[in-house]
Amino acid sequence: MTKLDGQGAHLRSVLCALVAVLPAACGGGAVSRGSASAVSSTGRPASWQAVGWGGGGFYWACAFDPTRDGVVYLGGDVNGFYVSTDHGRNWRISNRGLGNYAVYGMAVDRRRPGALYLGTTGGLYSSTDFGGSWTSLATTSKLGIVAVRDVSIRSLATDAAGILYAGTPKNGLFRSDDHGATWRALLSGPPPIHSVAVSERDGRLLLVASGVGLRRSDDGGATWTAPKGPGTAIGVAIAPGDDRVAYAACGKEGVWRSADRGATWIQCAGVAAGYEARDLAVHSARADALAVIARKGWSGLFCASDDGGRTWREARTLRRDLAADPTLPEEGETPDISAPSSLARNPLHPDELFIAGNWRPAFSGDGGKTWEERDRGADISVVTDIRFAGGQTYVTSMDEGLMASGDGGGSWRQLLPRRYTAGLSGHQWRVAVVERPGGGSRVVATSSPWDRPINQIVFSDDGGKSFSVTGAGLPSRRPTRNAVWGEGYARALAADPSRPGRLYLGIDGDPEDGFEGGGAFISDDAGGTWRRLAGQPASRRMFYGLAVDPTRSNRLFWGATGEQGGVHRSRDAGATWERTTLPESWVFNLAVSVRGVVYAGGANLWRSRDHGDTWTKLTTFDGLAIVGLEIDPRREETIWLSRVSWGEDTAGGVYRTTDGGATWSDITLDLPYRKPLVLRFDPATSDLWAGGVGLYRIRQ
């Protein structure tokens, strides 16, 4: 069964949640250089092409459009908003104007075609063009009108008159009569409010599902009652065709039903033992036809009833789409529905249902009897590295592992893991294709399994058909002291271009209580065994910053962040280290050109032509952090960088110079995810690839 543990969910949800530990200068800011439009080498305007795959992450919200048949909306935890016009068969990411990528709620305005709302951790956003563009409802974040994971189930709702209701995690229920421009409080508690339902026939009837049960109003929220019933309610729905009937999904207390507009409630027949009812949807014409999603850990369950919850039929599996989502191919043709989070029913065709949840969003056209994975183009992968070798593109990602493509991203195949495997499934950070000392090539990747607090190496000598796993010579556990993400991960990997089989590895985290912590490691057998370098940089708190000088491979560079941060240099293959004169202490990435010129990315980009003795500042950016960094090996004057904000907001961009840093152009253009952490240039095709959340390429 597909599994994403709590550690994986935490890292995905924030990606790089370093707000508390990064300097304020890395939180945002304007660009003071370079506003030229991007063009390709042919002179034609360039655009970014999506080349990733779908699925493999967590989708939290979904809805059908009630005015356009086939239009479905989907929200994810780290890549914003997706829209499909063909019942979910194909998706496109549509984030223009969206200021926060963590989408945990949505509602469609039934009165105004094309109007919908998104709930994010940074407040609400509205669209009037079917999600083509977004406008921030700026006051909502100040009022605490936000949506958060596992709390906001159906926290946004509209009535037939276009009135918008928003339940919050902490601040109660709000109402807006002007499409979110202004708000007034209706219900000060109890927190949290998980779901809100409004009668389609009588907008005065409101039901709220909260952490202490149900709340009811029949006067538009002016007054409220607390009907007897479940102690906790998570989802709530009013039958569209008969608002006397309502249902509530109440976690471990199962499903409850009301036949008097929510005044009194009775418990329905139980769903499967141990499962918690999360969300529900009622047939538009038949009040007794009810659909429910439930979960137990990472297991998912769909239940349907045609008699008002007296009896249930169940579905637990779906038919997968390996072409759209090639992950975990050995889990069979009909894997389990995993951790469903949101359920939507098409009001135009009520036998059509959609589930948002973990790994594989799913569609049913027969009332939930059968389900099929539908996520083509709904890219939610957290890409950590990209490499090109032998006509193949290799990509590592958090949660999903190592993927390969032989056609430039047109199709992908999973190399590792091919099914959930204890001690292996988890996050992969870096990949390299290197020569072995005795000849031949080896694919090497760094790995941090979900269920074991270690870093390890996986490698293949047959192009990815089989793999070995080793931790020989690496720390016995992940460091926790002075680590960027709370634990030290093997995020840095560099090959010595002059010595086949020699690799360097960087793991962040300081020594503590007799444990040696992370630091710099070396392998002379292409990653099979490792040893800690005799010397270590003064700071081990690092991100991607590890590089070998190709003009003298004993010269190493290490980029560190925070106290004792900056660029550290070794002239003797790591036996000793010294801190260079770089006047910046937050360095996230390093690159060394084929001529030995060193580039360091922090808040700005710096260059050293004398191996770190002196530095020249190449940009005058204001805020954010430079993380993606790439040099054109054919012409060193061409450099690309990405600037990122940490957390869930969307501030960031991709920039290019063709004159060695004298001038810069913003080439972010239509890139849906504006702050990629990885940039790689493929000289064989002249394509620049960007990976962060999602995977994209652009001709240069």
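Residues are numbered from 1 along each chain as its sequence is written. Because the model is predicted, local features need pLDDT of at least 70 and side-chain atom pairs count only at pLDDT 80 or more, while totals for chains, interfaces and linings use all residues; side-chain values use heavy atoms, with hydrogens and water left out.

**The sheet and Ser 258**

Four strands form an open sheet in the order β17-β18-β19-β20, with antiparallel pairing. Strands are DSSP runs of E with at least two residues, numbered together with helices (H or I, at least four residues) from the N terminus, and two strands pair if DSSP finds at least two bridges between them. The edges of this sheet are β17 (235-238) and β20 (266-267), each of which pairs on one side only. Strands β18 (residues 246-249) and β19 (residues 255-258) run antiparallel and are joined by four bridges. Within this pair, Ala 246 stands opposite Ser 258 in β19. In general, the strands of a sheet pair through backbone hydrogen bonds.

Ser 258 is buried, at 0% relative accessibility; buried means under 20% relative accessible area, exposed over 50%, and partly exposed in between (1.4 Å probe, protein chains only). A polar atom of the Ser 258 side chain lies 2.9 Å from the backbone nitrogen of Gly 262, and one lies 2.8 Å from the backbone oxygen of Thr 264. Beyond residues up to four places away in sequence, Ser 258 touches Arg 244, Val 245, Ala 246, Ala 263, Thr 264 and Trp 265, where contact means heavy atoms within 4.5 Å.

**Cysteines**

The structure holds zero disulfides, a disulfide being a pair of cysteine sulfur atoms within 2.5 Å. The cysteine sulfur closest to that of Cys 250 belongs to Cys 268 and is 9.1 Å away, which is too far for a bond. Cys 268 is likewise in no disulfide, with the sulfur of Cys 250 as its nearest cysteine sulfur. Cys 250 is buried, with a relative accessible area of 2%, and Cys 268 is buried at 13%.

**The largest pocket**

The largest pocket holds about 1200 Å³ of space. A pocket is an open set of points on a 1 Å grid over the protein atoms alone, where a 1.4 Å probe fits, with protein on both sides within 12 Å along at least five of seven lines; lining residues have an atom within 4 Å of a point. Grid points are joined across faces, edges and corners, and the volume is the space filled by probe spheres set on them. The lining comprises 43 residues, of which Arg 387, Ala 495, Val 592, Glu 630 and Arg 680 lie nearest the centre. Elements giving two or more residues to this lining include β29 (382-389), β41 (546-548) and β53 (678-682). The largest share, five residues, comes from β33.

**Backbone features**

Most residues other than glycine have a negative phi, and most peptide bonds are trans. The peptide bond from Leu 416 to Pro 417 is cis, with omega near -10°. Pro 417 lies in the loop between β32 (413-416) and β33. Two residues other than glycine with positive phi are tabulated below.

Notes: Polar contact = N/O pair within 3.5 Å; in protein donor to acceptor, adjacent residues only side chain to side chain.
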